[in-house]
Amino acid sequence: MHDFKFKKNALFCEDVRIEKLVERFGTPLYVYSYHTLIDHFLKLKKAFEPIKPLICYSVKANSNLAILKSLVNKGSGLDIVSGGELFRALKAGCPSGRIVYASVGKTAKEIEEAIRLGILFFNVESLPELNSIQHIAKRLKKRVNVALRINPDVEPKTHKYITTGKLTNKFGIDLFSAKKIILYARGFSHVNVSGLHIHIGSQITTSEAFVAAIKKITVFIAQLKKESVKLDYLNIGGGLGIVYDKETPQTAQRFADIVLPLLKSTGLKIIMEPGRFIVGNAGILVTKVLYVKNTPKKKFIIVDAGMNDLIRPSLYGAYHNILALDKRVGLEKADVVGPICESGDFFAKDRMLPQVGEGEYLAIMSAGAYGFSMSSNYNSRRRAEEVLVSKGRVSVIRRRESYQDLVRNEVIP
Ligand code: PLP
């Protein structure tokens, strides 16, 4: 599953001892395993080999250029949601023909940049957006491919904040409206609706919702065929869940076995947009214990990472396994909290944890996805350093921010 393992009682990333990394780079420190990252990409690629999909890694999960470049070099495309992510995709050397662009709120400027660069297609989320793309493409004298993002109204059984394919969510277009839009768009001079897109949520651990959504789409594709609508692409989004705790998510192969027959029946070129599945278990956040504080009600392990470094527990109540850097027998019940002035600044609550003292370290596991990419400077905290480990080789892929970085764009009038 991943290359963070205990060897002779010490936690390693591939061939490198984590303790050595914190001594060298300090904390909070994100550590990524190159081989875990690539292994997950290749697992998906292999499982879906019979239909040779274009796997467009979802940049939002972890947008570090070194992560993007590693995947692009293995043939990955990229799924982006902003002009900034487009900039990163190009910096990472991703061919524009392997970039797909979603988001409910693309600005005119962002649309224009993406058209000029010739991305594969936009995932369009509303009629006004489609009109805007037509208008801009006409001005640029370019013909643009788009996929309509369909909201299939299915329940993915994940956290409500990462459920995206229900009609109460802001994403995509319901099937009834989508048909009307597709027929209407046939009259567009500079936009070609060449595909459909779905993305029903994230951290989905069972296949039912994917199957339900894909089935709805296949029925819809058949209806469109009757209206002589010709499509080229079906983008099935991301959303595959990973192990954080006791989940038993489907493997890439199991997922493929279930959905391949449905996907093949469409006859369309398949695009996938996995993020978490590829990078989630490929990264950890290492943090130092600053103080251990006993109160009449609780024991608090106060660490030097905060919700600004990893917001998932605060935002979604997400669970991350927490380990000491060596194997220990004694466990104690405690909260692991950061230094930030919010009671929501925690990594674990009332959890049986290894007994650790001041100056020791904890590894917050499975922090590769939506970890650094969701981090902020809240409380004027510098964002963490990131390192990538490949066997015995360690590369800094983002330096720790300086205090100067914090105020770089600020002006006192
Ligand atoms: N595609 C789209 C449109 C998304 O919004 C997201 C995540 O929110 C993803 C792909 C990636 O999802 P995941 O990381 O769960 O695979």
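**Notes on the ligand site and the cavities**

1. The lining of the second largest cavity sorts into six nonpolar, two polar and one charged residues. In this scheme Ala, Val, Leu, Ile, Met, Phe, Trp, Tyr, Cys and Pro are nonpolar, Asp, Glu, Lys and Arg are charged, and the others, with Gly among them, are polar. A cavity here is a set of points, on a 1 Å grid over the protein atoms alone, where a 1.4 Å probe fits but cannot get out; lining residues have an atom within 4 Å of a point. The lining list reads Phe 210, Ile 236, Gly 237, Gly 238, Leu 240, Phe 255, Met 272, Glu 273 and Pro 274. The space comes to about 40 Å³, where a volume is what probe spheres set on the points fill, with points joined across faces, edges and corners.

2. Before going on, keep in mind that the model is predicted: local features need pLDDT of at least 70 and side-chain atom pairs count only at pLDDT 80 or more, while totals for chains, interfaces and linings use all residues. Numbering runs from 1 along each chain as its sequence is written, and side-chain values use heavy atoms, with hydrogens and water left out.

3. Helix α8 (residues 208-226) gives the largest share, three residues; helices (H or I, at least four residues) and strands (E, at least two) are DSSP runs numbered from the N terminus.

4. Now the largest pocket, at about 970 Å³. A pocket is an open set with protein on both sides within 12 Å along at least five of seven lines. Of its 43 lining residues, Ser 58, Lys 60, Val 81, Glu 85 and Tyr 370 lie nearest the centre. By class the lining has 15 nonpolar, 16 polar and twelve charged residues. α4 (83-91), α10 (276-279) and β20 (393-398) each put in at least two.

5. Where does the ligand sit? It takes up the largest pocket, the test being that more than half of its atoms lie within 2 Å of the grid points. Around it are 15 residues, with Ser 202, Gly 239, Glu 273, Arg 276 and Tyr 370 coming nearest; a residue counts if one of its heavy atoms lies within 4 Å. This shell divides into three nonpolar, seven polar and five charged residues.

6. For polar contacts (N or O pairs within 3.5 Å), Tyr 370 has a polar side-chain atom 2.6 Å from a ligand oxygen. A polar backbone atom of Arg 276 is 2.8 Å from a ligand oxygen, and a side-chain N or O atom of Lys 60 is 3.4 Å from one. Taken alone the ligand exposes 390 Å², and the protein buries 92% of that (Shrake-Rupley, 1.4 Å probe).

7. Two backbone spots to look at. Most residues other than glycine have a negative phi, and most peptide bonds are trans. The Thr 27 to Pro 28 bond is cis, omega near -5°, and Pro 28 is in the loop between α1 (18-25) and β4 (29-33). Ser 366, not a glycine, has a positive phi of about 55°; Ser 366 falls in the loop between β18 (361-364) and β19 (385-390).

Note on methods. Polar contact = N/O pair within 3.5 Å; in protein donor to acceptor, adjacent residues only side chain to side chain.
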